[in-house]
There are 2 protein chains.
Amino acid sequence: MKWPEGHGELRATRPPGQVIMNPLDATRGMMDGLGTEANVCVKCGSRSIGLCAPLDVAALDDMSGESERLTVEPRDAIFHQGDPARYVYTLTEGMARLTRVLPDGRQSVIGFRFAGDLLGFTPGSEHAFGAEMLTRGTVCRLDRRRLEQLFRRYPVLERRFLDLCVKELAASQDHILALGRFNAEERVAAFLVSLAEAQERRGRPGPVFDLPATRADIGEFLGLTLETVSRAISAFRKRGWIRLHGHSGIELVDRESLIGLGSGEGSCAA
Amino acid sequence: MKWPEGHGELRATRPPGQVIMNPLDATRGMMDGLGTEANVCVKCGSRSIGLCAPLDVAALDDMSGESERLTVEPRDAIFHQGDPARYVYTLTEGMARLTRVLPDGRQSVIGFRFAGDLLGFTPGSEHAFGAEMLTRGTVCRLDRRRLEQLFRRYPVLERRFLDLCVKELAASQDHILALGRFNAEERVAAFLVSLAEAQERRGRPGPVFDLPATRADIGEFLGLTLETVSRAISAFRKRGWIRLHGHSGIELVDRESLIGLGSGEGSCAA
DNA sequence: CGAGAACTTGATATATGTCAAGAGGCGTGG
DNA sequence: CCACGCCTCTTGACATATATCAAGTTCTCG
């Protein structure tokens, strides 16, 4: 699947009012949408977790009037970097990665997104990054001009975008902190904990979590090579902190140790 | 100087509609406010570049009614990480750095700010990072509750915040890309070019630019040590790409080469 | 059951960090 | 105005975390 549209980006992360002392929040932010709120998006059939949360039923109905639901296969793109930003997307099922490419081909994963997260919002005219599914999934897309109309009709919606955006920004700064100051094991530990938290927030009880991202994906997200990610995971396994279940199942046995490592509480710098 | 207030963060970066293929934008974003627009903020005495740009004179007058102007000495904090987020600040003169601290004391500079930039906006209750001046300067502070009132009175202001925020987010993602994928010289080159561009955008013609940030500041921003930053700068100097003028003046002699290096166009990875 | 993809692990290379000494600029005070 | 002292920067030698290269293994899916 491939569409020539989409763009920018926006997402929710930390409960407002919490100080960011903890880099776990970085990754946490990077992978966490507003997965807790209710309301059913009529057309999408999904919970209106991200965008529509503050809207009433009439508004939701209004909103879903022009939205379309699409199925996406693993590794397919939802939109590409540089595409005209014509639609805004809500990821309704599955997990996606956001990627940014340099002129010379170097690539970086900017973040991961889950069911309920919003993708591709930007005031610009083109998508600043691409989005690809890691699993099979579905998205609900809404024309951007329609969204602007909805902003005018439901001002609360615009405020919601602002809040989501500020939280996303805080999450990005956490990630910057992690990339600039964490060593390999700290980054991987923070990533694993935040992945687990993101899934728990979406109602997956654990103790075994999905890990649809490959070592290469994780490495591109954390600024490491896939081998270094693999070595960190092996080290955790040997310490009894985690247990692997096949290639895409992971169990956090000693979460406290992982949190300690992934929170920047010491061990490495002072 | 030290106040027990302040918080979150928000800023403008790239002209809307520009695709982010270029990591220079990262740093560019990180140091660039909306320095081009007019209007004079009555109480501040300064151009209302960041926040107030879309407001008319009456609104500006209204807005400045409760704002206060303060002078800040070099290395003094405007607000600290964790402070209650009571005010929003506009930097009216000078250059500041935004810092984030980990529990174990490791620190990271998440961005630099210049005259016209907005500091400390957040929907949360505490500042997620601290802001310190690098030079002597002045800030204009506005009570946050007052800002919320202004949002209600001038809806365009809220939209402005959203746009600023999305651009800031794009800039953060550029920085993430640079931290995750650039080597030391590429990061320093991107930083220098973006610093020059930020100053040009604010009307400083060059060719000699201020560099009030120390090697340590730059290193903390780029995820490098001060020695590595120093070596990169020395290497550029030896290649004739830059010339240093005292400890805080820098001249970009061969900007094209710096841009090439700092744009992720090759040389290192492919 | 077979083949490919993803992962693991080892050996080695290298970019950057660390430690240390010295030089240069800038401000202060005589 | 000069001189001293501090702070920042520079440069070198060395250490090390991570990247790179290369097999081999395990899982997954057809």
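**Strand E8 of chain A**

I began with the two faces of E8(A). A:Gly137, A:Val139, A:Arg141 and A:Asp143 point one way, while A:Thr138, A:Cys140 and A:Leu142 point the other way. All of these residues are buried. I noted the general rule beside this: side chains in a regular strand alternate between the two faces of the sheet. I also noted that I am reading a predicted model.

Next I asked how many residues of strand E8 (residues 137-143) of chain A are buried. The count is seven of the seven, so the strand is largely enclosed by the rest of the structure.

**The sheet around E8**

I then looked up the neighbours of E8(A). Strand E1 (residues 68-72) of chain A pairs with E8(A) in the antiparallel sense, over five bridges. One residue pair I marked here is A:Glu68, whose bridge partner in E8(A) is A:Arg141. E3(A) also pairs with E8(A) in the antiparallel sense, over six bridges. There I marked A:Thr90, with A:Cys140 as its bridge partner in E8(A).

In what order do the four strands of the open sheet run? I read E1-E8-E3-E6 in chain A, with antiparallel pairing. The edge strands are E1 and strand E6 (118-119) of chain A, and each pairs on one side only.

I followed the chain past E6. A:Thr122 is found in the loop between E6 and strand E7 (130-133) of chain A. Is A:Thr122 buried or exposed? Its relative accessibility is 9%, and buried means under 20%, so A:Thr122 counts as buried. I then traced its side chain, which reaches the backbone nitrogen of A:Gly124 at 2.8 Å.

**Aromatic rings**

I searched the whole structure for aromatic pairs. I picked A:Phe79 and A:Tyr89 to look at. Their ring centres are 5.3 Å apart and their planes are at 25°, so I logged the pair as stacked. A:Phe79 lies in strand E2 (residues 77-79) of chain A, and A:Tyr89 lies in strand E3 (residues 87-93) of chain A. The pair therefore ties together parts that are 10 residues apart in sequence. Both A:Phe79 and A:Tyr89 are buried. These two rings also belong to one aromatic cluster, formed by A:Phe79, A:Tyr87, A:Tyr89 and A:Phe129.

The charged end of A:Arg239 sits over the ring of A:Trp241, 4.9 Å from its centre. In chain B, B:Arg239 lies over the face of B:Trp241, at 4.9 Å from the ring centre.

**Cysteines**

How many disulfides are there over all chains? The count comes to zero. I looked at the burial of two cysteines. A:Cys165 is buried, with a relative accessible area of 0%. B:Cys165 is buried too, with a relative accessible area of 0%.

**DNA strand C**

I turned to the DNA. DNA strand C is surrounded by 21 residues, and the closest are A:Arg215, A:Ser230, A:Ser234, B:Ala184 and B:Thr228. Of the DNA strand C atoms within 4 Å of the protein, sugar and phosphate account for 62%.

I listed some contacts. A polar side-chain atom of A:Arg215 lies 2.7 Å from a phosphate oxygen. A polar backbone atom of B:Ala184 is 2.8 Å from a phosphate oxygen. An N or O atom in the side chain of B:Thr225 is 3.1 Å from a phosphate oxygen.

Which helix gives the most to the surface near DNA strand C? I found H7(A), with seven residues. H7 of chain A and H7 of chain B each supply at least two residues.

**DNA strand D**

Sugar and phosphate account for 63% of the atoms of DNA strand D that come within 4 Å of the protein.

I noted a contact to a base: an N or O atom in the side chain of A:Arg231 is 2.7 Å from a base oxygen. The backbone of A:His247 has a polar atom 3.0 Å from a phosphate oxygen. The side chain of B:Ser234 has an N or O atom 2.7 Å from a phosphate oxygen.

Helix H7 (226-238) of chain A and helix H7 (226-238) of chain B are the elements that give two or more residues to the surface near DNA strand D. H7(B) gives the most there, with seven residues.

Notes
Residues are numbered from 1 along each chain as its sequence is written. Chains are lettered from A and ligands numbered from 1 in the order in which they are written. This is a predicted model: local features need pLDDT of at least 70, side-chain atom pairs count only at pLDDT 80 or more; totals for chains, interfaces and linings use all residues. Side-chain values use heavy atoms; hydrogens and water are left out. Rings of Phe, Tyr and Trp (its six-membered ring) pair if their centres lie within 6.5 Å; planes under 30 degrees apart count as stacked, over 60 as edge-to-face and the rest as tilted. Buried means under 20% relative accessible area, exposed over 50%, partly exposed in between (1.4 Å probe, protein chains only). A charge sits over a ring if NZ of Lys or CZ of Arg is within 6 Å of the ring centre and within 35 degrees of the ring normal. Two strands pair if DSSP finds at least two bridges between them. A disulfide is a pair of cysteine sulfur atoms within 2.5 Å. A residue is near a molecule or strand if one of its heavy atoms lies within 4 Å of it. A polar contact is a pair of N or O atoms within 3.5 Å; within protein, one must be able to donate a hydrogen and the other to accept it, and residues adjacent in sequence count only if both atoms are side-chain atoms.
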